[in-house]
Amino acid sequence: MMALSESQVPPDAQHYLVCGTEDCERNCQFYCNDCYQPMCEQCRDEHQKNTKTKSHEVVPYKQRKRPLPVEQCKIHPTKEMVLLCEECQFPICYKCTATKEHRGHAFTDLEIDFDEKVSLCHEEIAKVRNYFEPTSQDLKKEIAGDVTEIKKIMDGIRTSMKTEAEAVKKLVDTVTSENIKQVGKIEQSLLETLNGQNQEIDDYITYLNDLIKTFYGYLCPSNIEQITSALKSESFIIRPIPETSKPVPPVFTAGQHSKEDVAKLLGMITVPNNKQENRKIKPMENVSTQLKPTEKQRKQDREKSYVKQTLSLSSSVTKVREYTVPGVGSVFYISMGKSGRLWGSDNSGNLVQTDLQGNQLQKIQTSGGSQGYHTVTQDGDLIFTDRDNKVINRITPDNTITEFIKTGNWEPLSIHSSHINGDILVGMKKDGKSKITRYNKTGTEIQNIQRHKGQGLYSDPHYITENINGDVCVSDYGKSAVVVVDKSGQHRFSYTGQVLGFAPYGICTDVLGHTLVCDFLTVHLLDQDGQFLSLLLTPQQGVKYPYSACVDNENNLWVGQYSTNTMTVYKYIQ
């Protein structure tokens, strides 16, 4: 193996360099750019005290200038190339400056230019090592994860296909068995009829045989009187042959089916015509920040790590208790307050504050309906939207109602107060357009989220919440989807349910980053990236028409329902 030259040794390589001073074997830490000599700390001090060399530039070894390689001029072979012609961008010797090709041109010290180029190369090497290569390795891991996931999904599809085929086979066997039984019954009935007809003919033949014997008896000469009287009686008349009918057998009509019919029956696999989403590559400017997190970030990471290590989804959902909200017909939305108090609203504009014993503390008539139109701020105040007057009102703890924010020509629908920074998120509509507006806690507008790739993100943003990573999660009835953007307003994903007819209503998130959304009959559980995890609540668990959902500080899920003012509390995190 060939050894690297000094210029090829990476600047961050862990190699041992010896001081360049004769007979000194101490570790090199510095470098004299004028002498091109590595030196130890002691030799550096002596070098800078020496009257001949005290003006030399001595720097830490990693900051040294690389010595210019000795290379002879191709035009003047006896001279070394030491200059760079700035106009021609070509290294030359001193004699070249007098030639007509370079006369009047500007020249730079080639050593300085070389050092800059070497430094630039090392900077690029550092970028490759610290950003491009690690990022590429992360992408390889992500691709490997996708490979595993795709294999898992395809295995699931194969299993589903086989299960579907077995179900159809069982159905075919059942129908065939029933048809064969029906054929047996029809056959038995026809044979019984034919056997009866056969017996009737047998009886008739017996009658004929007996009649022949009687007639032979009349032919004896001694019975002339009997034959004379018999010919006059009705018994001499022969009974007619019994009537019989031919059976009508059933006809089997073969089913009309094709390969396409069978394919429809068994289901078919399709590849969604969705545009492939590019993998996210972290920007280079964030590398240093990610490598050196602030103390605040480290504290938040520790807290999130602690939560994820100590909390997890329970294996089953347990009903904890029930509460009644007086003064409302249904519970379309819930806002959790402080000191064991909460606000509930129905679709008739009734907004009621109650304690956990079900006592009504306050009731307000609003213009709200089946939206999440109220929320409790970090200060404990309730704020609610007034669609008719296009304002957002505040109710202070002493029950004073004041106008807080005017929304101009926009009709405010839904509202949420951020648990992260106190920002206020409002879903609005105007002239068939919809948007999400972010206000700070003092009511100053700071952000509008409305479009993605030229298309409107929202249609009817009637419920809104925020996830632990700052994502804005909107339950949009008009889009039949949960639309999620990051805190900068960039679209992350849209969840459209597991079957056609998804109708999202109340939405909330929990400390694990899950999103929970009601769809009139069930409560869906999604992970932080919008992947469906399970139907957390279904009619089989006693929930009828879930319209609102809220997670309290003890990680309990509160569910309000249509057509009843009873709220049910469930434990699903352990």
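Author: Rings of Phe, Tyr and Trp (its six-membered ring) pair if their centres lie within 6.5 Å; planes under 30 degrees apart count as stacked, over 60 as edge-to-face and the rest as tilted. By that rule there are 15 aromatic pairs. This is a predicted model, where local features need pLDDT of at least 70, side-chain atom pairs count only at pLDDT 80 or more, and totals for chains, interfaces and linings use all residues. Residues are numbered from 1 along each chain as its sequence is written, and side-chain values use heavy atoms, with hydrogens and water left out.

Reader: What makes Tyr131 and Phe132 an edge-to-face pair?

Author: Their ring centres are 4.8 Å apart, within 6.5 Å, so they pair. Their planes meet at 75°, over 60, so the pair is edge-to-face.

Reader: Is Phe332 with Tyr547 stacked or edge-to-face?

Author: Edge-to-face, with 4.4 Å centre to centre and 65° between the planes. Phe332 lies in the loop between β7 (313-324) and β8 (333-336), and Tyr547 in strand β30 (residues 546-551). The pair therefore ties together parts that are 215 residues apart in sequence. Strands (E, at least two residues) and helices (H or I, at least four) are DSSP runs, numbered from the N terminus. Ring pairs also link Phe332 and Tyr547 into a cluster with Tyr477, Tyr505, Phe520, Tyr545 and Tyr562.

Reader: Why is Phe332 called buried?

Author: Buried means under 20% relative accessible area, exposed over 50%, partly exposed in between (1.4 Å probe, protein chains only). Phe332 has 3%, so it is buried. Tyr547, at 7%, is buried too.

Reader: How do you know that the buried residues of α1 line one face?

Author: In helix α1 (residues 41-49), the buried residues are Cys43, Arg44 and His47. Seen down the axis, they fall within an arc of 105°, so they line one face of the helix. The arc is that of the directions from the helix axis to the C-beta atoms. These residues pack against β1 (30-32), β2 (37-39) and β3 (58-60); contact means heavy atoms within 4.5 Å.

Reader: What puts the charged end of Arg44 over the ring of Phe30?

Author: The rule asks for NZ of Lys or CZ of Arg within 6 Å of the ring centre and within 35 degrees of the ring normal. The charged end of Arg44 is 4.2 Å from the centre of the Phe30 ring. Arg394 sits likewise over Phe404, at 4.1 Å.
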